[in-house]
Amino acid sequence: MSTEPVPGQDTAESGDTGGGVDDTNAAVGAGTGPTAGTGPAAEAGGTDRGGARTPAAGAGGDGVDEARAASAGVPGGTGGEPESAGEPGEGGQANEGAGAAADGRTADAEAGEGGQASGGTGPEGDGQPEGGTGQPGGLGRDGRPDPDAGSEGEGAGSRPSEAEAELAAQRIERERIERRKSQRQAPLASGAKLSGTAADLLAAVRAVESGEKPPATVFAGPAPAPRRPAPEPQRPPRPVPAGPDAEPAGPTPETVRAVRGVLAEGGAPEVLAPWVAALLGESADSALRADPWQLLRIAEVRPQQADAFARALLGAGAGPDDDRRGRAVTVWLLEQAALAGHTALDLPRLTATLAQHGVPDPDAAVQNALAEGEALAFQDTLEEPGGAHGTARAPGAAGESSAEGDEEEAEERPVRVLIGLERYALAEESLADGLARLAASTPRAPGTDGTKDTHGPAGPGGDPADGGGAGWERFAGSAEGAAADLIRAVAGHALVVHTGGEAALAEPAALLRAAHLLGLRVCAAAPGALGRDRFAALAGPAAPDREGPDVVTVAGLLAGTEGPGRDADGTLALDLLVVVDAPQVDVETGALLVESLSDGSRLVLAGDPGVLGSVGPGRVFADLLAARICPQVASRRPDPGPLGELVSGIGAGELGRPAAPGREIVIVPVRDAGEAVHRTVQIVADSVPRALGLAAEETQVITPGHGGAAGTRALNAALKERLNPGPGRFGGFDPGDRVVHSPAPGRAVPGRVVKGDADGLHLSCAGRSVVVPRERVERSVRHGWALTARQAAGGRWPAVVVVLPGDAARSLSRPWVYTAFGRAGRHLSVVHGVEQALPRAVAEVPEKPRTTRLPVLLAPQDPENG
């Protein structure tokens, strides 16, 4: 491993001062002298949601990334320290523009976790470009399309864009959830206090917390029945995602005008009108006037801003004890928790945080949210050593006939009560049901779906129709290492998990080719375009004379714009689906995937457990590994060379010092953020091309956040000036600029600018032509020479430069370092200004825990637990 000495005096950009890869001497984590930058970085990434900046926004209000956020023009909103969403959820957290003023608390603190204030380098985002009001960024709070945004053209034909197709798939999921909601008992009248089981739930929790009663006496209802589905249930036809013509119409101009009038009367930015109208419907103006706190449904509006808006409309009647306020703040806190990756919150934590936000009766606020059907309550019996755990909604009282011995045993069983938004609760339940169904189903053999293989011989001495044990065993016998184990596991099971690093991807690729040769309808999918292209190069054709299996993005597969399409019953026309980079799959996407697979289809989830988790809520891959309801195949194939040794050590919590005779790893100490930017440009433009023969296009810069003096914005500006200078006449972009396009919140597709004209900005993204309308450029396109680790997840580049300025120290964690360093294929340069914070993060800072229900939901399906 090499360390470049810091020259006493910077020279010209020629690289003559030791261009970053030529000198040797030290190791990662060595002290580098004093570092500049004293503002602590956020613990983990918030996001920059897309949107137009509003005239009402104060200067410097970049909600997540900058050191201060300005009030967005809502009376009473005060500037404060920025907010962080922890590990960000889809769409992000507070941002520039309307409603983005912070209140000096982090989102994890809002959720009762006590996050870190951000300064200097801001927390990283999730693939969304920085910009103004978050709601204009393509999707509304409930997933509806941006009412004002133009549609993106992709190619010259009438094919729906990625954003439109993805919205169509999301709409189907919402319709499914609405159908399930309609089957539930109608909610109580608005504002009524709870009675019955919901009220009993809160009373029971209070009794347990105070020590008045043991858990058994209040939660010892009958054990939930096992949720294992029948092996081959009859499944109703599923709808096929509709095209863009089926998109629901946006609000009428009259509705938008009426809402704009209400917003102006309350002193709120009128630019929010289209999104408020889209969320609240045709009677949005009267609904907002009747309940001004519904303004909190706009992602960037803070409680104190909604309070000021309510006071302007209601006068003295808008008090902190208003039931409407308590209910709205409850839902807002649950939304903030989802942005941080949680699918639910512990009730004590939620009520404590409500009290911190000035809600005088937190219990009543939660009751009202439950009564209105805006949240759901769950009681989970936690796992004991050697025992089972379960879950139930609204538990009843203990049965009088319970034996005394059973009651005493139950008293010792820990329980927790969770409150969650119905959207994520139902998605998590649907995901658990689908995973259990797959785990219990019998895998389908080739030809049993009514299709006929036309590919020819399956291999030496093989027949495509021989998809039984003998056919699979032939391929397993010729496979190497864990690939053979994976093929055998998939031969007999419909749900399999595969774990391993970058080199281990060769094993699911071998499985995919074998299944393709056996005549199965196969496909691989990755959460992003970077992962898709990376795995497609590995999968290749199954034989020289035939096409390779489809490798697509998950969004494209679900939307029908990529992959094999769907059968007559609406399920995917597949016998085997391999999902790579599975840790990036959130709970809603996971639910859509399993619901789209028919009984007998095989699903393989493959990924590296050490990388950063999904942008959206949930931890699907980790929870499935913990539940152990299906075979798990762990690869024994190590990543090669010094880079593989370094990354493997980081995964184990140790920052090693592997020898790097081929300049595979170079450490560049820096003293401050300005020097970090200077040296980064020097490495990308001069050192790596000169020493390794790699063009600047083959090098990716990764840094912890978007803001700060060495965040993605500053680095991209410096790299553009050096690599592709120009006036930026097309919204700040020029032909040849390296960019990242976000067609939907949480999505990041790398590309290049081709040209700009009256139609918009023309991009080439992952081999496809995309036209971004002019009004959407600012909020959906940003420069891409420098990315955050979350944006880079799933990608792999010949050379990577990881920039760690001094103010990023508190942003670091083991998964972040593992993810960032693991993106390098041949060469890694670390621009190092965090001193001992780097080895400390690797050794001591795991990823922030997420509260999810999936392990408990899957537990009844565990054969060991009955």
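# Briefing on selected features of a predicted model

Ala491 is partly exposed, because its relative accessibility of 24% falls between the cut-offs of 20% and 50%. The model described here is predicted.

**Ala491 and its surroundings**

- Ala491 belongs to helix H15, which spans residues 482–492.
- Apart from neighbours within four places in sequence, Ala491 is in contact with Pro443, Trp472 and Arg602.

**Helices H9 and H10**

- Helix H9 covers residues 323–339 and helix H10 covers residues 347–356; their axes come within 10 Å and cross at roughly 120°.
- The crossing of H9 and H10 is right-handed.
- On the H9 side, the contact is made by Gly326, Val329, Thr330, Leu333 and Leu334.
- On the H10 side, the contact is made by Leu350, Thr353 and Leu354.
- Sorted by class, the contact of H9 with H10 has 5 nonpolar residues, 3 polar residues and no charged ones.

**Residues with positive phi**

- Most residues other than glycine have a negative phi.
- Arg663 is not a glycine, yet has a positive phi of about 60°.
- Arg663 sits in the loop between helix H21 (641–651) and strand E13 (665–669).
- Arg663 has a relative accessibility of 31% and so counts as partly exposed.
- Glu835, also not a glycine, has a positive phi of about 50°.
- The loop that holds Glu835 runs between strand E22 (824–832) and helix H27 (837–844).
- With a relative accessible area of 28%, Glu835 is partly exposed.

**Cysteines**

- A disulfide is a covalent bond between the sulfur atoms of two cysteines.
- The count of disulfides in this model comes to 0, where a disulfide is taken as a pair of cysteine sulfur atoms within 2.5 Å.
- Cys523 has a relative accessible area of 0%, so Cys523 is buried.
- Cys765 counts as buried because its relative accessibility is 4%, and buried means under 20%.

Definitions and conventions
Residues numbered from 1 in each chain as written. Predicted model: local features only at pLDDT ≥ 70, side-chain atom pairs only at ≥ 80, totals over all residues. Heavy atoms only, no water. Axes fitted to C-alpha atoms, helices over the stretch in contact; angles between N-to-C directions. Helix = DSSP H or I, 4+ residues; strand = E, 2+ residues; numbered from the N terminus. Left-handed = near helix turned anticlockwise from the far one by under 90°. Contact = heavy atoms within 4.5 Å. Nonpolar A, V, L, I, M, F, W, Y, C, P; charged D, E, K, R; others polar. Buried < 20%, exposed > 50% of the residue type's maximum accessible area, 1.4 Å probe, protein only.
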